Amino acid sequence: MVNDMKLNISLYLVMGLSLLTQEGCIHPSQVVVSPHKINVKYKFVTDGRQRTHKYRKFPRVHSGDITVQYCARHKQWETISARWTKHGVLRFNVTRHRRDNRW
C-alpha cells in the first residue's frame with residue numbers, strides 16, 4: 001500500500017515537473033532583441049514664431065510653394081508655405097491644416 005502511494009506520488013511529481021519545464025515556468029524563455037537599429041530620420045523646421053516642428057519627410061519647398069506634412073512634435077497635420085525675405089533668407093510659415101480633425 002505504501003509502495004503504491006509512493007509510486008503514485010513520484011509519477012505525479014515527474015508529470016508535474018515535465019509540464020512545468022515544457023510550459024517555461026522553471027526555465028523561462030529568453031527574449032531575443034534584434035541587433036539591427038531602426039533609423040528614423042527627422043527634419044526640423046523653425047517657423048516665424050520660433051516654434052520647432054518635426055517632420056519625418058520634408059520635400060523641397062521653394063518660395064510660393066505649399067505642402068502639407070504631419071508634425072511628429074505637435075501630432076497634427078500642418079500646412080507649410082515658404083517665402084524669401086528681402087535679405088535672401090527662406091522663411092517658413094506653418095499653420096494647422098484646415099482638414100485636420102483634431103479640435
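Trainee: Where does Lys75 lie?

Mentor: In this predicted model, Lys75 is in the loop between strand E3 (66-71) and E4.

Trainee: Why is Lys75 called exposed?

Mentor: The relative accessibility of Lys75 is 55%. Exposed means over 50%, so Lys75 counts as exposed.

Trainee: What makes the phi of Lys75 worth noting?

Mentor: Phi of Lys75 is near 55 degrees, a positive value in a residue other than glycine. Most residues other than glycine have a negative phi. Gln50 is also not a glycine and has a positive phi, of about 60 degrees.

Trainee: Where is Gln50 placed, and why does Gln50 count as exposed?

Mentor: Gln50 belongs to the loop between strand E1 (43-46) and E2. With a relative accessibility of 60% against a cut-off of over 50%, Gln50 is therefore classed as exposed.

Trainee: What elements does the chain contain, and in which order do they run?

Mentor: The chain has one helix and five strands. From the N terminus on, the order is α-β-β-β-β-β.

Trainee: Why is Ser81 called buried?

Mentor: Ser81, in strand E4 (residues 76-84), has a relative accessible area of 13%. Buried means under 20%, so the value places Ser81 among the buried residues. Leaving out residues up to four places away in sequence, Ser81 touches Asp65, Ile66, Arg91, Phe92 and Asn93.

Trainee: How do you know which residues Arg83 is in contact with?

Mentor: The criterion is heavy atoms within 4.5 Å. With neighbours within four places in sequence left aside, Arg83 is in contact with Ser63, Gly64, Val89, Leu90 and Arg91. Arg83 and Gly64 are 19 residues apart in sequence, but 6.0 Å apart in space from C-alpha to C-alpha.

Trainee: What makes up the largest nonpolar core?

Mentor: This core has eight residues: Val45, Tyr55, Val61, Cys71, Ile80, Ala82, Phe92 and Val94. E4 and strand E5 (90-96) each supply at least two residues of the core. Membership requires burial, under 20% relative accessible area, and side-chain atoms within 4.5 Å. As for Val61, the residues touched beyond four places in sequence are Thr67, Ala82, Leu90 and Phe92.

Trainee: How many residues does the chain have, and what share of them is buried?

Mentor: Buried residues make up 17% of the 103 residues in the chain.

Trainee: Which residues form a nonpolar patch on the surface?

Mentor: Leu11, Tyr12 and Met15 form the patch, with about 350 Å² of accessible area together. Leu11 is located in helix H1 (residues 2-23).

Trainee: What confidence does the predictor assign to the chain?

Mentor: The mean pLDDT is 77, and 72% of the residues reach 70 or more. Confidence is lowest in H1, at a mean of 68, and highest in strand E2 (residues 52-55), at 91.

Terms used
Residues numbered from 1 in each chain as written. Predicted model: local features only at pLDDT ≥ 70, side-chain atom pairs only at ≥ 80, totals over all residues. Heavy atoms only, no water. Helix = DSSP H or I, 4+ residues; strand = E, 2+ residues; numbered from the N terminus. Buried < 20%, exposed > 50% of the residue type's maximum accessible area, 1.4 Å probe, protein only. Patch = residues over 30% accessible without salt bridge, like charges linked within 9 Å, V, L, I, M, F, W, Y side chains within 5 Å. Areas by Shrake-Rupley, 256 points an atom, 1.4 Å probe, with all protein chains shown as cover. Salt bridge = Lys/Arg side-chain N within 4 Å of Asp/Glu carboxyl O. pLDDT = per-residue confidence, 0-100.
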